[in-house]
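Notebook open, model loaded. I'll start with a helix, then move on to the sheet and the rings.

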Amino acid sequence: MRRLLTLAALSLGMAAAQAAPSGVLTIRFLDVGQGDAVLVTAPTGQTLLYDGGRSESRMRELIRQYGVTRLDLAAASHGDADHITGLIPAIALFKPKLFLNNGIAATTQTYGRLLNVVGQAGTQGLLAREQVINLGAVKVTVIPPPPGMPRNDQNANSVGLLIQYGTFRALLTGDSETPQTQAWLRQKSASFWGPVDVYKSIHHGAANGDSAAWLAAVRPKNVVIGVGPNNYGHPTSTALNLYRKVGANVFRTDQQGTVTVRVQPGGRYAITTERRAAAPAPASAPAPRSQPAPAPVTPPASSVYYPNCAAARAAGAAPVRVGQPGYGTHLDRDRDGVGCE
């Protein structure tokens, strides 16, 4: 396996923390409709936005909702509009130091506008290559597209990120398709890829993204699908069955809103969702495609949801009692009003 290059110069400096508890890494899989946007806030305040969804106005709403006050690194997995449009207002507002991308020339008006904003903000373009970017104690390994991918195919040139904090690992791989994941598997051993605690579903659960061979290496414990109303059939039964076969919990932004992962020092983590749904549904469950209700401006405390007692304990919430945020009868087997005793 090729040794990763560590670029100390890319270590992004300390700064006043924004809306993140001390010592806690927060990863939000933002509800941006049909698209992807992942907001990463390091314990020491450095912030990374990986993709921005397809709506500028929606990204502005989310910036306000989550109290974002700074952005150090903006990253585009690839140049499709459902991944980069929301980066435009974020970069214009926060003027991040770096813009990570796959280096393929702009071919759309949206991509052209994005590059113009990057230039106006004084943000430095950063071509994806094997390198590590440190957000304080959070290690972000850049996974560039493998050689040989067709340059006119944005999906096949998706930029991946591996995020590590203590023993916790999260993997984000854009809209990569099977040829790209096959090439990555040839490049790196399975131990590089998995297991991962949280995994962003490839291409919103498309049939041409995740595969049995790829997931056998990644070994995801939890899968988050960034998806909204669409005519593509996302997420497909093919992808959902793959996630079921590897035993992963599945979270969907169309059903549960923004999915938040909070990671304690050392790597313990908990997953909560903006809206409670019938999920985290087994991947084999029917996949309703109804229009989700509008997201509230501020998530009420009662929206805290723990899929199981392990998650509640990881969040330091166990035992959880009736009336407390996160309490649910699925945690309270003896129905005595105290869950996860």
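I looked up helix 1 (residues 56-65) and found Glu 56, Arg 58, Met 59, Leu 62, Ile 63 and Gln 65 buried (under 20% relative accessible area, 1.4 Å probe, protein chains only). Helices here are DSSP runs of H or I with at least four residues, strands are E runs of at least two, and both are numbered from the N terminus. The cover over those buried residues includes strand 4, helix 3 and helix 4 (109-121), with contact meaning heavy atoms within 4.5 Å. After helix 1 comes Gly 67, with a positive phi near 60 degrees.

A note on the source: this is a predicted model, where local features need pLDDT of at least 70, side-chain atom pairs need 80 or more, and totals for chains, interfaces and linings use all residues. Numbering runs from 1 along each chain as its sequence is written, and side-chain values use heavy atoms, without hydrogens or water.

I get an open one of 8 strands, order 7-6-5-4-3-2-15-16, with mixed pairing; strands pair if DSSP finds at least two bridges between them. Strand 7 (124-127) and strand 16 (269-273) are the edges, each pairing on one side only. Strand 5 (residues 73-75) and strand 6 (residues 98-101) run parallel over 3 bridges, and Ala 75 has Leu 100 in strand 6 as its bridge partner. Helix 3 (residues 87-94) lies across strand 4 (47-50), strand 5 and strand 6, at about 165 degrees to strand 5 (axes are lines fitted to C-alpha atoms, for helices over the stretch in contact; angles run from 0 to 180 degrees between N-to-C directions).

Last, a charge: Lys 188 sits over the face of Phe 192, 4.8 Å from the ring centre (NZ of Lys or CZ of Arg within 6 Å of the centre and within 35 degrees of the ring normal).

Technical notes:
Buried < 20%, exposed > 50% of the residue type's maximum accessible area, 1.4 Å probe, protein only.
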